[in-house]
Amino acid sequence: MALEQYTVLAALTLNFARFTQWPEQAFANSGNNLQVCLVGDNALLQSFDSISGKAVGDRVIKIINSDKLRNLSQCHILFLSELSNSVLSQVFLDTRQFPVLTIGEEANFIESGGMVAMVNTDGKIQLHINLATVKSSGLTISSSLLRLAKIVGDN
């Protein structure tokens with residue numbers, strides 16, 4: 001995917017960070033960082049530099065390259081790009097009991113167990129959110145953001 005498009009996804013991820021509430025214990029080991037973990041190619045990593053260090057309330061975004069798929073419970077947001085469904089399913093199993101907001105860019109990301117899909121449809125990004133998955137991990141997404149999204153899965 002092009003760098004420009006990933007930069008748009010990075011900006012949207014920043015909005016999700018600002019409109020999502022994590023349980024307080026989610027920050028026990030991260031100081032004042034809101035940790036955005038990325039799994040993807042160099043273009044993805046490079047484009048997310050644009051939100052590194054940005055303030056989210058009284059926290060600051062810290063970008064972590066997680067392509068080894070380890071220590072994912074340290075992530076507050078996990079952006080997954082171009083992983084096979086079988087790998088995705090394992091990641092979701094590993095992170096299910098933690099308040100980790102999982103974001104991807106394919107419509108089938110949600111079916112695999114992801115929370116938010118940013119789907120490019122005719123050059124426009126559509127947000128698909130599986131609200132049940134979000135809630136079950138202890139996260140709350142602001143209704144003002146939910147209004148802009150297509151809610152999928154069972155509510």
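In which sense do strand β6 and strand β7 pair? The structure here is a predicted model, in which local features need pLDDT of at least 70 and side-chain atom pairs count only at pLDDT 80 or more, while totals for chains, interfaces and linings use all residues. Residues are numbered from 1 along each chain as its sequence is written, and side-chain values use heavy atoms, with hydrogens and water left out.

Back to the strands. Strand β6 (residues 101-104) and strand β7 (residues 116-121) run parallel, with 2 bridges between them. Pairing here calls for at least two bridges found by DSSP, and strands themselves are DSSP runs (E, at least two residues), just as helices are runs of H or I with at least four, all numbered from the N terminus. Gly104 has Ala117 of β7 as its bridge partner. On to strand β8 (residues 124-130): β7 runs antiparallel to β8, and 6 bridges join the two. Met118 sits opposite Leu127 of β8.

Next comes the disulfide, meaning a pair of cysteine sulfur atoms within 2.5 Å. The count is 1, and the bond joins Cys37 to Cys75, with 2.1 Å from S to S. This pair links distant parts of the chain, 38 residues apart: Cys37 belongs to strand β2 (residues 33-39), and Cys75 to the loop between β4 (59-65) and β5 (77-80). Because the torsion about the S-S bond of Cys37 and Cys75 is about -100 degrees, the disulfide is left-handed. Both Cys37 and Cys75 are buried; that word means under 20% relative accessible area, with exposed over 50% and partly exposed in between (1.4 Å probe, protein chains only).

Strand β2 also holds Gln35, which counts as buried because its relative accessibility is 6%. The side chain of Gln35 reaches the backbone oxygen of Gln74 at 2.7 Å. Contacts (heavy atoms within 4.5 Å) of Gln35 include Cys75, His76 and Ile77, leaving aside residues up to four places away in sequence.

Finally, the inside. A nonpolar core is a set of buried Ala, Val, Leu, Ile, Met, Phe, Trp, Tyr and Cys residues joined through side-chain atoms within 4.5 Å. The largest one has 35 residues, and Phe16, Leu101 and Ile129 have the most contacts inside it. Helix α1 (residues 3-18) gives the largest share of this core, 6 residues. Another core, of 16 residues, lies apart from it, with Cys37, Leu78, Leu80 and Ala117 among its members.

Notes: Polar contact = N/O pair within 3.5 Å; in protein donor to acceptor, adjacent residues only side chain to side chain.
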